[in-house]
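Colleague: Before I plan around this model, could you take me through it, beginning with the individual positions and ending with the overall fold?

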Amino acid sequence: MSNSPDSVQLSHVNQKGEANMVDVTEKAMTSRTAVAQGYISMTPQTLALITTGEHKKGDVFAVARIAGIQAAKKCSDLIPLCHPLMLSKVQVDFEADSDNSRVKVTALCRLTGQTGVEMEALTAVSVACLTLFDMCKAADPAMEIHGIKVLSKEGGKTGLWQTPTMSNDNP
């Protein structure tokens, strides 16, 4: 299938060009997984506060992890045409990168269902990054969130898909 503008069809737009929630009634129930990642860059001092546990607000990663999990579960409340999903697994992980003064946030979402979980994984990463920003903004208001993307998705009729730049971890 070509990706020319003439061949790409938007699934959330009906024949009249109106916003439309996709009907997944006839889709097969399959195991589906998506992994997304993003980064939040900060000063070395702010990163040290987080990683040494010396931040006055406590365990910043624990709060951001819970926020990311909660966000994945509420995705359909935030994005109008997303289906409410019964997620069976949400995992949010953090990797401090002192060489680049940033934190990599990765989220995995999984379920058995009729539609994918990419939006849930992206929402988990986004809200986890926003929570890190919120908890550290007094120390570092110039932090920057960037590089949020889907790394992989699996399940459904398309099977496994991975971002072509998966080996390139430097957005």
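Colleague: In which element is the place of Glu120?

Modeller: This is a predicted model, in which local features need pLDDT of at least 70 and side-chain atom pairs count only at pLDDT 80 or more, while totals for chains, interfaces and linings use all residues. Residues are numbered from 1 along each chain as its sequence is written, and side-chain values use heavy atoms, with hydrogens and water left out. Helices are DSSP runs of H or I with at least four residues, and strands are runs of E with at least two, numbered from the N terminus. On that basis, the place of Glu120 is in helix H4.

Colleague: Is Glu120 buried or exposed?

Modeller: Buried means under 20% relative accessible area, exposed means over 50%, and partly exposed lies in between, using a 1.4 Å probe and protein chains only. Leaving aside neighbours within four places in sequence, Glu120 has contacts (heavy atoms within 4.5 Å) that include Cys75, His83 and Cys109. Because its relative accessible area is 3%, Glu120 is buried.

Colleague: What is the largest C-alpha distance among the positions of the UniProt "binding site"?

Modeller: The unreviewed UniProt entry places this feature at Leu81, Cys82, His83, Met119 and Glu120, though such annotations may be inferred rather than shown by experiment, and positions are given in the numbering used here, with feature names shortened. They are spread over 40 residues of sequence yet cluster in space, the largest C-alpha distance being 12.5 Å.

Colleague: Why does Cys82 count as buried?

Modeller: Cys82 is found in the loop between helix H3 (75–78) and S2. Setting aside neighbours within four places in sequence, Cys82 is in contact with Met21, Cys75, Ser76 and Met119. Cys82 counts as buried because its relative accessibility is 12%.

Colleague: How far apart in sequence are the parts that the aromatic pair of Phe61 and Phe94 ties together?

Modeller: Rings of Phe, Tyr and Trp (its six-membered ring) pair if their centres lie within 6.5 Å; planes under 30 degrees apart count as stacked, over 60 as edge-to-face and the rest as tilted. Phe61 and Phe94 are stacked, at 4.9 Å centre to centre with 15° between the planes. Since Phe61 lies in helix H2 (residues 60–73) and Phe94 in strand S2, the parts tied together are 33 residues apart.

Colleague: Which are the edge strands of the sheet?

Modeller: Two strands pair if DSSP finds at least two bridges between them. The five strands form an open, antiparallel sheet in the order S2-S3-S1-S4-S5. The strands that pair on one side only are S2 (89–97) and S5 (161–162).
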